[in-house]
Amino acid sequence: MWLLFFLVACSAAVLSCALLCRAAVAAARATPGPAPRPAPETVPEAAARRGPGLTLYEMAYLSGGPHRLADVVLVLMAQQRRLLLADTGWATVVDPVGKDPVERAALTAIGPDGQRRIPAIRDALVGDDAVRQVADRLVTDGLAVPAAVRPGVGSAVRLVQGAALLVLLSAAASYWMAPAGADTGLLLAWFSLPLVLTLGTWAVARFELHPYSDWATTAGERQLPGVGHSPAAPATPASLVTLALRGPAALTDPALRAALHSSGA
């Protein structure tokens, strides 16, 4: 029986490590040199202005993808009293005038009734042209991972971590089911092989590829405040920068945090 557990552990270890290597190579090949940035659109809000680093929308996309960007624009409009985000997960329009393309896309996603569930708004924004344009600019600049090579290194690292846990569980199960008098030391020594493979690959990935991201390339990670020490736009509220970088759990406003969490964020 222990041999079956050993084969499962080895298969998971080899497959996960191979996927991580493949993801790392794909991400490296998908990171072109910076290309000239097209002239930005005229957007009056601080959330969409370019400061010395990234715009707020770009930070949100690189940190958490289009869903994080959707949360940022909803919270931005809520803080300016142009949307009402209820703790039940509903968004209600107060001011139907968007001040930049992403805000207008959010209002369009809410629809003519002026009220919609936040998960549905997120899903609608993911496929909107305004959000795709933010993503395309970042990909063109070599800051975002192209869709063709996702899931990226972050997902692959999580697979390696899961494989390491599976190896430990398989070893424990084999030890527990070993017949009386069996050489359990030798049995556990066999399981050390896939464990060393997964932990070694994980250690190399942490040294060479950390921080992991399914959205940002290495160059993009360096642009994020607190990672590459690039500052955010000076006029951007700190609460929105924190939301963009860390997600809804980092919000200090309990009403906004409840609204996004109750909606499945």
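1. Ser174 contacts. Leaving aside residues up to four places away in sequence, Ser174 touches Trp2, Phe5, Leu187 and Phe191. Contact here means heavy atoms within 4.5 Å. Ser174 sits in helix H6, residues 153-177. Its relative accessibility is 2%, so Ser174 counts as buried. The cut-offs are under 20% relative accessible area for buried, over 50% for exposed, and partly exposed in between, with a 1.4 Å probe and protein chains only.

2. Basis of the model. This is a predicted model, in which local features need pLDDT of at least 70, side-chain atom pairs count only at pLDDT 80 or more, and totals for chains, interfaces and linings use all residues. Residues are numbered from 1 along each chain as its sequence is written, and side-chain values use heavy atoms, with hydrogens and water left out.

3. Overall make-up. The chain has 10 helices and 3 strands. Both are DSSP runs numbered from the N terminus: helices are H or I with at least four residues, strands are E with at least two. Along the sequence the order is α-α-β-β-α-β-α-α-α-α-α-α-α. Of the 265 residues in the chain, 41% are buried. Among contacts with a separation of 6 or more, 70% come from residues 24 or more positions apart.

4. Helix H3. The buried residues are Val102, Glu103, Ala105, Ala106, Leu107, Ala109 and Ile110. They pack against H2, H4 and helix H5 (129-140), and also against strands S1 (83-85), S2 (90-93) and S3 (115-117).

5. Ends of H3. Asp100 caps the N-terminal end. One of its side-chain oxygens lies 2.9 Å from the backbone nitrogen of Val102. That is a polar contact under this rule: a pair of N or O atoms within 3.5 Å; within protein, one must be able to donate a hydrogen and the other to accept it, and residues adjacent in sequence count only if both atoms are side-chain atoms. Gly111 follows H3 and has a positive phi, near 95 degrees.

6. Gln133. This residue lies in helix H5. At 37% relative accessibility, Gln133 counts as partly exposed.

7. H2 against H4. The axes of H2 (residues 56-79) and H4 (residues 118-126) come within 9 Å and cross at roughly 120 degrees. That makes H2 oblique to H4. Axes are lines fitted to C-alpha atoms, for helices over the stretch in contact, and angles run from 0 to 180 degrees between N-to-C directions. Under 35 degrees is roughly parallel, over 145 roughly antiparallel, 65 to 115 roughly perpendicular, and the rest oblique. From H2, the contact uses Pro66, His67, Ala70, Asp71, Val73 and Leu74. From H4, it uses Ile118, Ile121, Arg122, Asp123, Leu125 and Val126.

8. H2 against H9. The axes of H2 and H9 (residues 238-246) come within 7 Å and cross at roughly 140 degrees. H2 is therefore oblique to H9. On the H2 side, the contact residues include Leu56, Met59, Arg68 and Asp71. On the H9 side, they include Ser239, Leu240 and Arg246.
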